[in-house]
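Me: Could you walk me through this model, starting with the ground rules and then going through its main parts?

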Amino acid sequence: RRTERKARMKAMNPQPMTETRLTQQQRADFERDGFLLIRNALSPEMLERLLRVVDRLYEEGIGREGLSTRHHWQMRNCLVADEMFLDLLDCPTTFPLVAGLLGWDIHLLTSHLIVRPPSPPGTGEHFKGEGWHRDGGLSATEMQEPHPRLFLKVVYLLSDQSEPGRGNTQVLPGSNRLVGPPAQAAGAPHPYGATEILGQAGDAFLFEQRTWHAVGPNYSQITRKSLFFGYGYRWVRAMDY
């Protein structure tokens, strides 16, 4: 099976992608900010193949389920939906960074595909999307602070999110080291210092579960498509099977 995967990856990437190594600067940036942007994580060929799979799953899912009350569609545990997703498990441009930050004793905890079409007309600036939160379920509220790092996610951008307001992931830099909730003005939709992650289709970013994040409205005419792969220490229980 692994040989078949290698042959498929080679067919999709005529020019083999160089395996990434975590640099000291990247480690320092991640420790400081709680997230890290990786340019050109996916080759154009792989991005095209992934989009065909994602568009098919989206059309099938919309036909069965429709959009959520928050105007998006998602597939949890998407890894099992198509073999293309298996090729991202140890993607050479991202996975070595995960192992560099967490060490070798890790496994996949979760995977999900999220598609956000343009927001309905009239969506205002105070739309809070999914709301500001930390990942990790009850660990975020039940564990004593400061929290330890338990897992991180790799997010592959499958649509152009190079400009604000395209349903981008919003993060609060440095909140991975924060004790307690982030400071926020009364009535404001976002904490002080919040920013949007901007990237082209084919880019990716990493963020850890302690980093406060949210998602904003999609004011563009582009349907936002993203793949999430969550890796954690082997002794952390998986969310998907």
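Reply: What follows goes through the sheet, the helices packed on it, the cores and a few ring pairs. This is a predicted model, in which local features need pLDDT of at least 70, side-chain atom pairs count only at pLDDT 80 or more, and totals for chains, interfaces and linings use all residues. Residues are numbered from 1 along each chain as its sequence is written, and side-chain values use heavy atoms, with hydrogens and water left out.

Me: OK, what is the strand order in the open sheet?
Reply: The open sheet has six strands in the order β1-β7-β4-β9-β3-β2, with antiparallel pairing; strands here are DSSP runs of E with at least two residues, helices are runs of H or I with at least four, and both are numbered from the N terminus. Two strands pair if DSSP finds at least two bridges between them.

Me: And which strands stand at the edges?
Reply: Those are β1 (35-38) and β2 (73-76), and each has a single partner strand, so one side of each is left without a neighbour in the sheet. On average, neighbouring strands of this sheet are turned by 20° against each other, direction ignored, with axes taken as lines fitted to C-alpha atoms, for helices over the stretch in contact, and angles running from 0 to 180 degrees between N-to-C directions.

Me: How many bridges join β3 to β9?
Reply: Strand β3 (residues 106-116) and strand β9 (residues 224-233) run antiparallel and are joined by 10 bridges; among the partners, His 112 is bridged to Phe 228 and His 107 to Gly 232. Strand β9 also pairs with β4 in the antiparallel sense, over seven bridges, and there Leu 152 has Tyr 231 as its bridge partner.

Me: How many residues of β9 are buried?
Reply: In β9, 10 of the 10 residues are buried, so the strand is largely enclosed by the rest of the structure. Buried means under 20% relative accessible area, exposed means over 50%, and partly exposed lies in between (1.4 Å probe, protein chains only).

Me: Switching to helices, which strands does α2 lie across?
Reply: Helix α2 lies across β1, β4 (151-157) and β7 (204-208), and runs at about 135° to β1. Its buried residues are Gln 26, Asp 29, Phe 30 and Asp 33, and seen down the helix axis they fall within an arc of 95°, so they line one face of α2; that arc is taken from the directions from the helix axis to the C-beta atoms. These buried residues pack against β1, α5 (95-102), β4 and β7.

Me: How many residues does the largest nonpolar core have?
Reply: The largest nonpolar core has 44 residues, and Leu 50, Phe 85 and Tyr 156 are among those with the most contacts inside it; such a core is a set of buried Ala, Val, Leu, Ile, Met, Phe, Trp, Tyr and Cys residues joined through side-chain atoms within 4.5 Å. Helix α3 (residues 44-65) gives the most to this core, with seven residues. A second, separate core of nine residues includes Phe 35, Ile 197, Phe 205 and Phe 207.

Me: Last one, how many aromatic pairs are there?
Reply: The structure holds five aromatic pairs, counted for rings of Phe, Tyr and Trp (its six-membered ring) with centres within 6.5 Å, where planes under 30 degrees apart are stacked, over 60 edge-to-face and the rest tilted. Phe 205 and Phe 207 form a tilted pair, at 6.1 Å centre to centre and 35° between the planes, and both are buried. The rings of Tyr 233 and Trp 235 have centres 5.2 Å apart and planes at 5°, so that pair is stacked; Tyr 233 is buried, with a relative accessible area of 18%, whereas Trp 235 is exposed, with 59%.

Note on methods. Contact means heavy atoms within 4.5 Å.
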